[in-house]
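I set down here what I looked up in this structure, entry by entry.

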Amino acid sequence: MKFSECWKLAGVVARESRFQAFLEMNPSNLARIKENPEKISRSIKSSSRISYIMTSMILSMIAIIALAASAFDVSLGNPGPRLAVGFAVYLALSFVVVFFLNLTSTTGLISSGVMSLPATLPLSKADLEQLSFMTFARVFFAPVILSLTIFPIGSLIIFGPLVSLIALVACASTVSIAIGALIGISKWFHKKSHSSDESRSSAFVRIAASLGIVIGMISVYGLSSYLPGMILFITQLSSVWGETAFSILSLIFPFSYGFLAASIAFPTSSSVLLTSTIGTGFYTLIAIVAYRRSGKSLREVTISGVSTSQIISEREIAIDSTTPLRAMIRKDLKLATRNIGSAFVFAIPIFLVIMLFPMIQNWKDDAGFLRSITTLAAVEYANLFGGISLVSILMFDTQGASIHEGLPISSRLVLQSKTSIVLVPYVLSMVAIDLIVLINNPITPLILLIPIIQIPCGYIVGMAVGGTVFRMRGGGRAVAVNVASDQAMGLVSAAVGAIVGIAPLVGYGAVMLFTGMQIASLLSQAIIVAILVAVVWKYVPKLLKD
Amino acid sequence: MSAVKLEHLVKTFGDLIAVSELSLDVREGEIYGLLGPNGAGKSTTIKMIMGLLDPDSGLATVFGIDSTDNPVEVKRMVGYVPEEQQLYDSLTPRELFDFVASIRQLPSDKASKRAKEFAKALDFSQHYDKMIVTLSQGNKQKTMLIAALLHAPKLLILDEPFSGLDVRSAKIMKDIVRIHAENGGSVLLSTHVMEVAQGLCDRVGIIDEGLLIAEGTLDELRSRAHKDGATLESLFLKLTEQEEEVEEGVSVIREALAE
């Protein structure tokens, strides 16, 4: 098959792969796709475009900051180590970006069985292999090309052609190793997330992997702001240990490339030059092997698929019956731990910490104390995220429509189960806020009680948001909502969560303004929380319909 | 009391009249076949009986309970197998049946006994702990059937229940339907397979473009169509005025295949 013809066909297969990956991330589209296929199609296109733009922006930003810090930030140490560490940090971060931002695409490529149809057509084995490789290349085209161009071009401008050449080899090696790791992890995750092994350890691995992946995906967006700090930390560490530290570091990936580049750009000891040359040669060799193995591995998985079959010893058939509410929660948790997109809900407290930590540090007063207003603001952020959590959990219900339709499940039961699940990330968010406040010198320990008293508000937020969504989208009946395709509901949920959750905080603030007494303020917060729980308990079910 | 009673049921989607003034009864202990061409309004009717769609006018009741006013109570009494199979792909049948039994608040021992019996009868035991996504179409259908039968419902509503089943399982399923009716249970069955309806149903109702155009036993339909000894298939084509269309379609295909 001609290259151009294969490239064109690979575009069709890659589009299908993106489509499948999108459905995997947004399960509710499975049901909605028949209702409004054009809308979903547009959504997938814009989602791919946004993903490309985000990857490009992140890679560009990291490259620019790394190069600028290496070349011009004298506060980070001598120019040699600065360049070596800046180089290495960029390579490490580009590895993370390529790895995490493309994990779902790769999982989709493997799980979708996109090569099944071409395999039935009159194509030779070589053609099929070429097609699967090009499909993969098209999915990764933008990040790979960007990674191979931005940093080497920047290095060429600032440090000259030799450093630029090393940068090119280093970037190519990093991409190759990242893609090798990506294929391996995707295969493993697909196998784990499609395995029906019920053991606790397997469930733990699944949850940990889902959370790790989601947190990784969220974290890359904040990487660039931590970059100068990371360079400073490593250069300081190295200067404490002296020349030996550089020699040891230059043997470790990705520092080898950085120290080799630094040895060429600036005068360095011969031992560092030697060790970095050895390291560079070794890791480049690994990258070549990874490239070859990735190609082979990719061809195998896209054509033959990943075997998720296992030897199942037949267990006794028995039904483990529980209460309807517990059954709903148990089912949702099982579904959540088998889907990367769904696991996002449980990563919300960590996302909140990543977002709030630098903000809270900047909100201390002149004396270095953290005041109650900061805690109130942090809790209000958690209320907003609580609203988004609930609407995200409603995405689970887009599966299993055939089962749901025949079961006596009332809208109230659905809402109660979703609210119960939302309480988990909400409580964890409050604990996380307390921990952040605790390590940031609160003006009085009583401030720590604000998030604790707010905990029942998870129920208020869940019920109020759910009731509103059911009323607006289902006329009171329990409905599934996909935040990705119904962003209006995402905004409404965040707004309702923020509005109902702020009432006790306003109560606290008002009493504090009038009395200046922490105890009275906390008491008023507790009373408002109690009143809201009662109101929600009594009135929200009245909005619902079966 | 009727198991299902429809009175002047009407449902429209925009300009399309999906169900028009439909009235019928499914008696207790009876197997009733709902027949009709594609898009006739069978599934819409069943969805209104289950309380999944609100009728524009008219009434649907199940054992006297209004499907619109109290759909949860209706679902408590009914075992329902919809035509489309949207299961929880990432659960196993074991996990799914645990969920169904819990929602229906069935005692574990009773539910286990029934699950065990159905799994054995339908040769399903070896699939009990596999993820549903990995099951074949037929085994997914068996999963749905077991889930619908787990609570020993008084009324079974089956929308195309035999699609994808192998010969053995289809035979067992038909026997399950018969035994269910013999024990006093009722069945409302929607199917395209005329042989199944002819062999299984006590009475059939034929709907076309939302209207009930004929109802009765096979003999009653034969006498109405003036076709003694006719099969249900030929009666169906005659009553729905599709005989000529079918002949025309076949001749077009014959020409196309001969080229």
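Which strands of chain B does helix α1 (residues 42-49) lie across, and at what angle does it run to β1(B)? I found that α1(B) lies across β1 (4-13), β2 and β4 of chain B, at about 120° to β1(B). Axes are lines fitted to C-alpha atoms, for helices over the stretch in contact, and angles run from 0 to 180 degrees between N-to-C directions. Helices (H or I, at least four residues) and strands (E, at least two) are DSSP runs numbered from the N terminus.

I noted that this is a predicted model, in which local features need pLDDT of at least 70, side-chain atom pairs count only at pLDDT 80 or more, and totals for chains, interfaces and linings use all residues. Residues are numbered from 1 along each chain as its sequence is written, and chains are lettered from A and ligands numbered from 1 in the order in which they are written.

I then examined the sheet of chain B. Four strands form an open sheet in the order β2-β1-β4-β5, with antiparallel pairing; strands pair if DSSP finds at least two bridges between them. Because β2 (16-26) and β5 (65-66) of chain B stand at the edges with a single partner strand each, one side of each lacks a neighbour in the sheet. I traced 2 bridges between β4(B) (residues 57-62) and β5(B), and T61(B) stands opposite D66(B).

I turned to chain A, which has 22 helices and 0 strands.

Last, I looked up the interface: 32 residues of chain A are in contact (C-beta atoms, placed from the backbone, within 7 Å) with 47 residues of chain B. On chain A, α14 (324-336) and α17 (401-406) each supply at least two residues of that side.

Terms used: Contact = placed C-beta atoms within 7 Å.
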